[in-house]
Amino acid sequence: MSGLLVKNFSVSHGAIAAVKDLSFTVGKGELAAIIGSNGAGKTTLLRALSGLIPHQSGEASWNGNSLLGKKPEDLVRSGVVHVSEGKSVIPELNVKENLALGGIWRKDKKDVALATEEVCELFPRLRERLLQSADTLSGGERQMLAIGRALIARPELLLLDEPSLGLAPLIIEQIFDAINQLRHKLGLTVVLVEQNAMSALKIADIGVIINVGSLVTSGPSQELLADANLRAAYLGY
Amino acid sequence: MLILDTFLIGLSSGAIYALMALALVLVWRSTRVVNFAQAGQAILSTYIGYEVMNRTHNYWVSVPFAIVAGAAIAAFVDAVLMRALEKRSHKGSVSEIAPVIATLGLLGLIRSLTGMIWGNAYLQYTSPASGKGYEISHHTIPFSPQNLIIVIGALVVMGVFAAVFKFTNLGLALRASSFQPEISRLAGIRVDRIRTIGWAFAGAAGAVAGALVTPTTYLSPNSLDLLLVSGFVAAVIGGLDSLIGAVLGGLILGVGFAFILQYIGTSVTFSAAFFILIIVLFLRPRGILGSKIGRRDA
């Protein structure tokens with residue numbers, strides 16, 4: 001099948017089962033929001049999907065190819081790119097170098113240059129700060145840089161871990177706008193892990209709500225947003 | 001005049017310390033291991049240089065062989081020994097100390113191995129450059145063609161490293177993977193392979209140090225042990241994870257030694273290394289160029 005398929009997926013953190021028997025699918029070109037409170041297993045799920053940590057049982061595949069048992073650097077090369085939690089930039093490098101990192105391994109250097117240009121169009125603040133150390137960027141700019149670097153790899157499936165973490169509401173809106181724009185423009189499939197349920201579900205096609213590692217419910221995000229019980233129990237508003 | 005002379009003495013030994021410090025820093029920042037085996041690796045590559053010189057009777061031909069050998073030995077140590085240790089050990093305090101102990105073991109192993117092959121005699125590995133000081137207006141300065149070669153050789157290594165690290169994709173990958181291995185993986189960098197290349201660079205720097213310094217002394221299985229101590233002190237002075245810091249640390253230590261030797265005496269030289277170390281750490285605990293950014297582990 002095309003798209004992301006996660007089936008009976010379990011991941012352990014030592015003795016603790018962090019993700020339990022989780023199943024969901026994300027169609028090609030769709031944006032899925034994975035919603036859950038702190039400690040719900042969202043980050044663990046993404047880390048296992050991108051090969052950073054081993055899974056325990058179940059399946060996960062992208063366009064019919066298994067994601068499991070592969071190194072993160074190989075998954076990146078096959079179009080599955082994970083932007084990890086906490087503004088994943090390298091503070092010791094400048095903005096330009098951080099961006100370049102995303103395309104070092106790519107053969108098509110012309111396209112790397114083109115992708116870099118596109119990122120600078122999308123996030124003009126990065127262009128203004130190309131030679132500045134990433135250490136000097138604000139939280140929002142760091143998140144832009146992390147997403148920008150991921151885009152230079154020309155991903156098909158983008159796994160985003162809490163891009164809103166620690167950002168001001170106005171910046172969150174900007175970042176989410178950019179994510180929404182991107183997927184319409186580039187046909188990206190996006191898995192967006194978020195605590196910020198409202199903002200994420202607003203731009204998502206489907207929502208997957210998890211609680212202590214297990215699936216609560218999944219469905220079209222508009223339906224989830226309209227469900228009063230869910231709103232009270234899991235969406236927190 | 002005496003001050004200038006003393007500075008010149010310090011300059012060439014400082015250049016050697018700097019090379020050794022570079023080797024230690026390169027490994028430390030990518031692998032978080034203080035590579036005690038570096039002295040052994042350098043001695044092995046220098047013996048290989050010695051063998052090549054015995055056959056070709058040409059020092060200049062032997063040096064590239066020593067450098068390639070040093071790089072290959074280091075890459076082998078990382079790709080085989082370090083990788084295997086990491087696979088076998090789980091997270092915890094033992095897994096952090098095990099690789100360091102392993103490098104100590106490797107140092108002993110290489111030392112006895114070289115002793116078995118070449119014996120413990122003091123061998124001569126000589127460079128064609130004279131060890132006699134230049135004469136400037138009837139004053140013989142303590143700086144010989146041999147010293148000049150050492151300083152130039154060290155500068156060439158530093159220049160090549162600086163160019164590679166600053167201006168090439170390989171250099172960018174080397175820096176990124178050592179600062180933030182996990183983020184680098186997620187950017188598509190083959191961090192394991194890059195780390196082994198980093199070790200090879202370190203091995204090459206150590207080999208150059210061995211090949212340059214040995215003609216001024218002699219070659220024996222443990223003739224580079226003191227250099228390891230000086231290189232380590234220089235690396236710590238420089239902040240342990242800064243390449244520029246390693247170079248500065250080497251020079252500070254070399255010149256510091258020379259002045260202590262000149263004005264205080266030979267008996268304190270060895271303790272002087274630690275004295276300088278303590279002073280620097282007291283004034284700047286991170287070393288002069290140590291990074292202030294905390295490191296996230298993979």
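What follows is a short tour, grouped by topic.

This is a predicted model, in which local features need pLDDT of at least 70 and side-chain atom pairs count only at pLDDT 80 or more, while totals for chains, interfaces and linings use all residues. Residues are numbered from 1 along each chain as its sequence is written, and chains are lettered from A and ligands numbered from 1 in the order in which they are written.

**Chain B overall**

- Chain B has 11 helices and 2 strands; these are DSSP runs numbered from the N terminus, with helices (H or I) of at least four residues and strands (E) of at least two.
- Reading from the N terminus, the elements of chain B go α-α-α-α-β-β-α-α-α-α-α-α-α.
- Chain B is as compact as a globular protein of its length, because its radius of gyration of 19 Å is close to the 19 Å that the globule rule gives for 298 residues. That radius is taken over C-alpha atoms, and the rule is 2.2 Å times the number of residues to the power 0.38.
- The C-alpha trace of chain B spans about 65 × 50 × 35 Å along its principal axes.
- Of the 298 residues in chain B, 49% are buried. Buried means that 20 or more other C-beta atoms lie within 10 Å of a residue's own, exposed means 12 or fewer, and partly exposed is in between, with C-beta atoms placed from the backbone.
- Take the contacts in chain B between residues at least 6 apart in sequence: 73% of them join residues at least 24 apart. Two residues are in contact if their C-beta atoms, placed from the backbone, lie within 7 Å.

**Where the chains meet**

- The contact takes 22 residues from chain A and 18 residues from chain B.
- On the side of chain A that touches chain B, helix H2 (72-77) and helix H3 (95-101) of chain A each supply at least two residues, and the largest share, 4 residues, comes from H2(A).
- By class, that side of chain A has 11 nonpolar, 5 polar and 6 charged residues. Here Ala, Val, Leu, Ile, Met, Phe, Trp, Tyr, Cys and Pro count as nonpolar, Asp, Glu, Lys and Arg as charged, and the others, Gly among them, as polar.

**Nonpolar cores**

- The largest nonpolar core has 83 residues, and A:Ala32, A:Ile34, A:Ile35, A:Leu159, A:Val191 and A:Leu192 touch the most other members. Such a core is a set of buried Ala, Val, Leu, Ile, Met, Phe, Trp, Tyr and Cys residues joined through C-beta atoms within 7 Å.
- H6(A) gives the most to this core, with 7 residues.
- Beyond its neighbours within four places in sequence, A:Leu192 has contacts that include A:Ala32, A:Ile34, A:Leu160 and A:Ala204.
- There's a second, separate core of 81 residues, which includes B:Phe65, B:Phe201, B:Ala207 and B:Val247.

**A glycine inside chain B**

- B:Gly70 sits in helix H3 of chain B and counts as buried, with 31 C-beta neighbours inside 10 Å.
- B:Gly70 and B:Ala207 are 137 residues apart in sequence, yet 5.1 Å apart in space, C-alpha to C-alpha.

- Most residues other than glycine have a negative phi.
- A:Arg154, in the loop between helix H6 (139-152) and strand E7 (157-161) of chain A, has a positive phi of about 55°. A:Arg154 is partly exposed, with 18 other C-beta atoms within 10 Å.
- B:His57 also has a positive phi of about 55° and lies in the loop between helix H2 (38-56) and helix H3 (59-88) of chain B. B:His57 is exposed, with 9 other C-beta atoms within 10 Å.
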